[in-house]
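Please work through the exercises below with the sequence and the model open side by side. Each task is followed by a solution that goes step by step.

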Amino acid sequence: PGIVLVAINPYEPLPIYEQDVIYAYSGRNTGDMDPHIFAVAEEAYKQMARDEKNQSIIVSGESGAGKTVSAKYAMRFFTTVGGSASNTNIEAKVLASSPIMEAIANAKTTRNDNSSRFGKYIEIGFDKKYHIIGANMRTYLLEKSRVVFQVR
């Protein structure tokens, strides 16, 4: 059991994901601050460090709800708070393949004009000092039944 955060895509940039907001949530307890993706990320980060066990953040929602953006914000939190073993931008590298996968995975179907058939699993690796040392993004097929047909 864990906390649940409902994220809504405002369809415009908001100043609630800036660097200073990351630092405001870093090191804080879940109930100390307003609900935020950074609060969820901080809780997972603290539990990983304290219990030395793998943690998961599940981002779920309808098409266009901002799932990929929420995952980017969580990764930005981890790279800012935990740092990286190298100066490379892990977040950018992991998500670099995302637009290609989205283009392949999204298609007009009998149910929806732009229906995603794939889910993403992003695994972030940390070293013993809790610095990010790498990441891997896997995709998996959600529904085989979402197939297209040619109109005659």
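**Exercise 1: Ser70 and its surroundings**

Leaving aside neighbours within four places in sequence, Ser70 is in contact with Ala7, Ile37 and Val59, where contact means heavy atoms within 4.5 Å. This is a predicted model, in which local features need pLDDT of at least 70 and side-chain atom pairs count only at pLDDT 80 or more, while totals for chains, interfaces and linings use all residues. Residues are numbered from 1 along each chain as its sequence is written, and side-chain values use heavy atoms, with hydrogens and water left out.

Task: state in which helix Ser70 is placed, and decide whether Ser70 is buried or exposed.

Solution. Begin with the secondary structure, where helices (H or I, at least four residues) and strands (E, at least two) are DSSP runs, numbered from the N terminus. Ser70 has its place in helix α3. Then take the accessibility, for which buried means under 20% relative accessible area, exposed over 50%, and partly exposed in between (1.4 Å probe, protein chains only). Ser70 counts as buried because its relative accessibility is 12%.

**Exercise 2: The chain as a whole**

Task: describe the order of helices and strands along the protein chain, and say what percentage of its residues count as buried.

Solution. Count the elements to start with: the protein chain has five helices and four strands. Reading along the sequence then gives the pattern α-α-α-α-α-β-β-β-β. Of the 152 residues, 24% count as buried. As for contacts in the protein chain with a separation of 6 or more, 50% are accounted for by residues 24 or more positions apart.

**Exercise 3: The nonpolar core and its rings**

Task: identify which residues touch the most other members of the largest nonpolar core, and explain why the pair of Tyr17 and Phe38 ties together separate parts of the sequence.

Solution. A nonpolar core is a set of buried Ala, Val, Leu, Ile, Met, Phe, Trp, Tyr and Cys residues joined through side-chain atoms within 4.5 Å. The largest one has 14 residues, of which Tyr25, Ile37, Phe38, Phe77 and Phe78 touch the most other members. The elements giving two or more residues to this core are α1 (19–25), α2 and α3, and α2 gives the most, with six residues.

Now follow Phe38, which counts as buried because its relative accessibility is 0%.

Turn next to the aromatic pairs, in which rings of Phe, Tyr and Trp (its six-membered ring) have centres within 6.5 Å, with planes under 30 degrees apart counted as stacked, over 60 as edge-to-face and the rest as tilted. The structure holds eight such pairs. One of them is the edge-to-face pair of Tyr17 and Phe38, at 6.1 Å centre to centre and with 90° between the planes. Tyr17 lies in the segment before α1 and Phe38 in helix α2, so this pair ties together parts that are 21 residues apart in sequence. The pair of Phe77 and Phe78 is edge-to-face because the planes stand at 80°, the ring centres being 6.1 Å apart. Finally, Tyr17, Tyr25, Phe38, Tyr45, Tyr73, Phe77, Phe78 and Phe126 form one aromatic cluster.

**Exercise 4: The annotated binding site**

Task: locate Glu62 and Lys67, and compare this with the annotation in the UniProt record.

Solution. According to the unreviewed UniProt entry, the annotation "binding site" covers Gly61, Glu62, Ser63, Gly64, Ala65, Gly66, Lys67 and Thr68; UniProt positions are given in the numbering used here, feature names are shortened, and annotations may be inferred rather than shown by experiment. Glu62 is found in the loop between α2 (37–51) and α3 (67–81), and Glu62 is exposed, with a relative accessible area of 66%. Lys67 lies in helix α3 and counts as partly exposed at 28% relative accessibility. Not counting residues up to four places away in sequence, Lys67 touches Val59, Ser60, Gly61 and Glu62.

**Exercise 5: Backbone angles**

Solution. Most residues other than glycine have a negative phi.
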